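Q: Could you please show me how to read backbone features and helix packing in a model of this kind?

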Amino acid sequence: MIVAERKPMGEIIEMVQDCKKVLVLACRGCVTVCSAGGEREAEILSSLIRLGMKKAGKSIEVSTESLVRQCDREYIDEIDQWKDDYDAVVSTACGVGVNFISNLKKDTMVYPALNTTFFGGSAEQGEWTEQCAGCGDCVLHLTGGLCPVARCAKSLMNGPCGGSVDGRCEIHKDVECIWQSIHDRLGSFDRSAQMEVIAPIRDWSSAGHGGPRKVVRDDLTV
Amino acid sequence: MNFDLAITLFSCHYTSQQSCAEDGKELEQLGFPDSINLVRVPCTGKLQMTTLLKAFEDGADGVYVVGCPADGCHNVKGSIRAAKRVDAVRAALEELGVEGERVQMYHLPRGLHPEFVAKAKEMDSRIRNLGQGPFSN
């Protein structure tokens with residue numbers, strides 16, 4: 001999922017300080033799962049905006065709604081039903097949602113309530129870790145299913161580096177050396193020889209270094 | 001400092017049994033501050049952040065939660081969950097530039113105990129010293 005965190009309230013209050021009425025718009029997709037921007041978090045944010053504005057001596061009407069997702073046109077169009085109820089939308093979606101509203105609703109000012117952080121998962125309740133960098137050229141079949149792009153601090157393709165100590169990364173002892181884990185995991189499948197294969201210099205153009213990326217599926221377009 | 005203090009207390013059913021004693025008169029007789037509006041809930045673990053924030057929106061100068069001892073909650077982890085949410089509300093208030101002490105969590109024994117009134121007096125004193133809250137009506 002896409003993992004995100006709420007922005008500091010000072011930033012959000014600054015965004016809406018001239019508004020008379022705002023719509024806090026939750027997303028029931030990834031940010032609900034990572035407890036950053038679902039309906040519950042949007043209700044909390046609405047309350048905090050009201051309190052923050054009251055403390056500043058300003059009045060504001062804050063309503064709260066949600067969309068199934070904010071990354072598809074058909075759901076974004078649902079915003080129109082509330083168009084008379086706000087001066088601006090405060091989106092608790094990831095950055096994709098904020099961009100989609102901006103792309104599709106020319107007359108709607110939209111502000112981001114979240115900082116979008118990474119593609120990750122939750123192995124422990126309340127904790128999320130980065131697992132994928134969306135680099136567009138997956139090498140997981142060569143690395144035992146563990147991603148060196150997202151999970152190696154240097155995104156090395158031929159690791160580990162000299163900073164790996166006792167299976168931990170030199171940047172912090174709490175960070176596992178993913179290349180040590182790749183080595184161990186390949187070994188458990190009797191595929192340690194894969195570690196001897198030198199990965200070629202990588203073409204990063206698929207990782208966004210060649211500009212914004214796009215996927216087109218002809219079989220799905222009409 | 002003289003002002004009309006408004007404090008909202010959310011207390012679990014088990015730790016607020018004194019509020020039922022003597023047809024509800026016992027607390028009054030023991031000096032339970034009249035600034036405190038007591039809301040009994042089945043378990044503090046059911047309290048959401050929005051419930052605590054709504055109390056501030058309604059004008060409370062302070063909000064506190066009384067639940068079971070952390071290692072002896074009737075619903076196992078209810079009061080621990082409540083404490084976590086109180087911590088989250090405190091952090092959010094501080095982000096807004098409001099004193100975090102305006103929201104508190106207490107873990108108290110179940111049944112009839114003097115600590116229930118003592119903590120109420122402590123909270124009344126704390127908020128009185130902080131002064132009127134920024135959300136006061």
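Q: Is Asp190(A) buried or exposed?

A: Buried means under 20% relative accessible area, exposed over 50%, and partly exposed in between (1.4 Å probe, protein chains only). Asp190(A) is exposed, with a relative accessible area of 73%. Asp190(A) is found in the segment after helix H7 (178-188) of chain A; helices (H or I, at least four residues) and strands (E, at least two) are DSSP runs, numbered from the N terminus. This is a predicted model, in which local features need pLDDT of at least 70, side-chain atom pairs count only at pLDDT 80 or more, and totals for chains, interfaces and linings use all residues. Residues are numbered from 1 along each chain as its sequence is written, chains are lettered from A and ligands numbered from 1 in the order in which they are written, and side-chain values use heavy atoms, with hydrogens and water left out.

Q: What is the peptide bond from Gly159(A) to Pro160(A)?

A: That bond is cis, with omega near 0 degrees. Pro160(A) lies in the loop between helix H6 (148-151) and strand E8 (168-169) of chain A.
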